[in-house]
2 protein chains.
Amino acid sequence: MKCHIGDLYGMGQKPITFVQQVAAICAYPELLQSASMPEDSKRKAQSILQGLEGFGIGGYNLSYISYSIPEKVAKFIERRDGGIPSNPRNIVTYHGATLCIRSVMGLVATNEPLKTGVLVPVPHYPVYTNALVLADVVKVPYQLDEGNDWVLDVQELRRALQEGREHCIPKVLCIINPGNPTGQVQSRKCIEDVIRFAAEESLLLFADEVLQDLVFGAGHDFHSFKKVLFEMGPKYSSRVQLISCFSISQGFIGEYGLSAGCIEYVNIDPLVMDCTTNTITPGHPTVLGHIAMDILMAPPLPGDPSYHSFMEEKQRTIESLAENARLMEEIFCQVPGIYCSPIRGSMYAFPRIDIPEKAVKQAQEEGMEPDVFFCYKLLEETGVILAAGSAFGQAEGTYHFRLTFLPPKKKLKTILQSIKDFQKKFLEEYS
Amino acid sequence: MKCHIGDLYGMGQKPITFVQQVAAICAYPELLQSASMPEDSKRKAQSILQGLEGFGIGGYNLSYISYSIPEKVAKFIERRDGGIPSNPRNIVTYHGATLCIRSVMGLVATNEPLKTGVLVPVPHYPVYTNALVLADVVKVPYQLDEGNDWVLDVQELRRALQEGREHCIPKVLCIINPGNPTGQVQSRKCIEDVIRFAAEESLLLFADEVLQDLVFGAGHDFHSFKKVLFEMGPKYSSRVQLISCFSISQGFIGEYGLSAGCIEYVNIDPLVMDCTTNTITPGHPTVLGHIAMDILMAPPLPGDPSYHSFMEEKQRTIESLAENARLMEEIFCQVPGIYCSPIRGSMYAFPRIDIPEKAVKQAQEEGMEPDVFFCYKLLEETGVILAAGSAFGQAEGTYHFRLTFLPPKKKLKTILQSIKDFQKKFLEEYS
């Protein structure tokens, strides 16, 4: 039972029918004649196909990819951010967040007089570690405050920056919001503090907002860095450099089969944008990926025949995740030795676990991290796969696992029950 | 009129219906119930969907991507190479050849005691230049013999290697076959010579065979490096390191909307394969891209209802390219100042052009390469877009352009006529 990766549809959430239909018609335009497709899916597909060259999705379609889609994304961002302008020229699409993160890190890397440093949260999903190693830049870790629902504290940023400056030149500050693996959603106040800090210290902000659609904690809305930055006035909005990214593979549309995401640049020199874009472009999404993004940016409107089912399916996914998150908190808070912060969004949780001294010793004897040892034992015993916390980074002497709460409720219940029973036995066996 | 990029479907070749149908059904499995889809498209889609997890193409489907597809690719390669074994563990898929080339170049790069050198043909398509710059490795150019139909001559390889060794450590030899931009298909004898040379000089062979499906010169069959290597016996096949790659976006299936390719490793250390695979993986094709590859690897068989139309559509594309290539040769050989080698495959030609001294001077005054000047003038005058030879590399003092002969015959005729008329005027104006 896989709980270690965020595989929305692979784990049993249902895809959005409208997206499937429009993608199918675009893949095989003969379906425009088919009675089995609803009229407004055909209308949407028709309007997309009219913007494509030659024989539809098979062509390069550079103008669709480079002009039409960025325009639609910009409009979407403007709606999301209450009217704050977004310029299509500052938008570029990518095939996967991993490629995007690697491209950006590759471009900030220098060696002289010291290596570039990049501030990343601890914990963070492993893509960051790999990207930093490949780009040959130095990881400057800052700790999220687990005792305080994984809040980002500017004092800790300041400490990390100072320490980093002793051995590299920190230039970039990465924030993952909503958090992966931690599932927190940073408050508006926190984001303002971070922006002020970035302005003072001349750091480029890299806001990883790929999970922005998955927020469900009451009173914990998602605030985009772009919006907050512009609402703080020109003192900040005219000079803080920001790269923010989001994805259609990690929202309520989890179309890994189509896969697409995009970046918005703010206050980045056009020459630098060109370079970044050039390194990202080979990792452009497919034309069908762009089409999925097209649908997300311009979904059915009230009055369209597909409006209700689209909204219902979207809500169904988000509510099912919210419910699952509550279920998980509820069960974990009954388990001695498992501590789970409240989940406000994302599809992940990162509970802390007690691992008895005796188990730590045995893990060391077997050449494993103690949390890896825990996850192996759990897998052998129950068939449940978790991701060990050490792959994400964690405060010394603490142990965690990342688990996704995507599986359907009934299955998730069984999984949580297995973990609960296992932890009880595990604590007994090694205490 | 675009003739500068190899955009198969964007330029009007017709896609393969079976691929479109299966992709559409996989994108929206409800279509399995639709009367408008032929039975064997449904059967193929059904068999693919059975191997997918959760809700079809939306999931990560790692086992389909990492196990099923490599197995199918290995079988396809075995068939292609007359039974020479192919191990699925040596196969990894990628989203685009650009990402693949960049990954491989990134992994051979070192700095000590000197930078890594990579032998590349001149001319070569610009992806190589970018990949080498980004990987910080040194380009070691070897010249293809234009006077001899762009043949690859081992004497020239030896000269280039020797020269390269003065300032870098050449480790990799890239061959593009069929050629891009040159459209030649290397002979079996040439490939044997290259393999012997690579063995003597301990060079890793990087065989860019993405255009292997597009070969139509009588007596000029495509020979894969893998096949020739193994037919040369264990003295070579047990030790020459080979990475070969091909693509479904550049064959008779030009599905850029689905986009997928793959690598086969031969004699590469498993640890190195792991590293390469790790850097390529984020650029995995989408699930639909893998499905298109699935169809290419296991197309309809004789007796299947779609067999005839599949084969007909495949042949139609290849024959239309062969015809276009002939038409192009025919027209260009009537034009004073344009010299076009015979085209044996690919979708490109790279004719040499005379540019009068006066035009060269004016180009220099305007800060342009002379062939860029030629292409600009042509564009202004006729609306035809060509790619200037200087982006591909060319022998000093010679000028070329790359043109794709993908457009439908009638349109291509108009384009070629425009180029012919323009060149006449151009020569008159500047002589």
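1. Extent of the interface. In this predicted model, 52 residues of chain B are in contact with 52 residues of chain A. The two chains bury about 4000 Å² between them, and 65% of that area is on carbon and sulfur atoms.

2. Two salt bridges are counted between chain B and chain A. One of them pairs B:Glu53 with A:Lys2, where the closest N and O atoms are 2.9 Å apart.

3. Four helices of chain B each supply at least two residues of the side that touches chain A: α1 (17-27), α4 (97-108), α10 (270-280) and α11 (287-297). The largest share, six residues, comes from α1(B). Sorted by class, this side of chain B has 22 nonpolar, 24 polar and six charged residues.

4. Relation of the copies. How is chain B laid on chain A? A turn of 180° with a shift of 0.0 Å along the axis does it, at an RMSD of 0.0 Å. The two copies are therefore related as by a two-fold rotation axis. In chain B, the C-alpha nearest that axis belongs to B:Ala24 and lies 2.0 Å from it. The copies meet through the same surface, because 100% of the interface residues of chain B are also interface residues in chain A.

5. Confidence. The model scores ipTM 0.91 and pTM 0.91. Chain A has a mean pLDDT of 92, and 97% of its residues reach 70 or more.

6. A salt bridge within chain A. Over all chains, the structure holds 46 salt bridges. One of these joins A:Arg352 to A:Glu146, with the closest N and O atoms 3.6 Å apart. A:Arg352 lies in strand β10 (residues 352-353) of chain A, whereas A:Glu146 lies in the loop between β3 (138-143) and α6 (154-165) of chain A, so the pair ties together parts that are 206 residues apart in sequence.

7. Cis peptide bonds. A:Pro181 sits in the loop between β4 (169-176) and α7 (188-201) of chain A. In chain B, the peptide bond from B:Glu112 to B:Pro113 is also cis, with omega near -5°. B:Pro113 belongs to the loop between α4 and β2 (116-122) of chain B.

8. Positive phi. A:Asn61 is not a glycine, yet its phi is positive, at about 55°. This residue is in the loop between α2 (39-50) and α3 (62-80) of chain A. As background to this point and the previous one, most residues other than glycine have a negative phi, and most peptide bonds are trans.

Methods: Residues numbered from 1 in each chain as written. Chains lettered and ligands numbered in written order. Predicted model: local features only at pLDDT ≥ 70, side-chain atom pairs only at ≥ 80, totals over all residues. Heavy atoms only, no water. Contact = heavy atoms within 4.5 Å. Buried area = accessible area lost by both parts, 1.4 Å probe. Salt bridge = Lys/Arg side-chain N within 4 Å of Asp/Glu carboxyl O. Nonpolar A, V, L, I, M, F, W, Y, C, P; charged D, E, K, R; others polar. pLDDT = per-residue confidence, 0-100. Least-squares fit on C-alpha atoms with pLDDT ≥ 70 in both.
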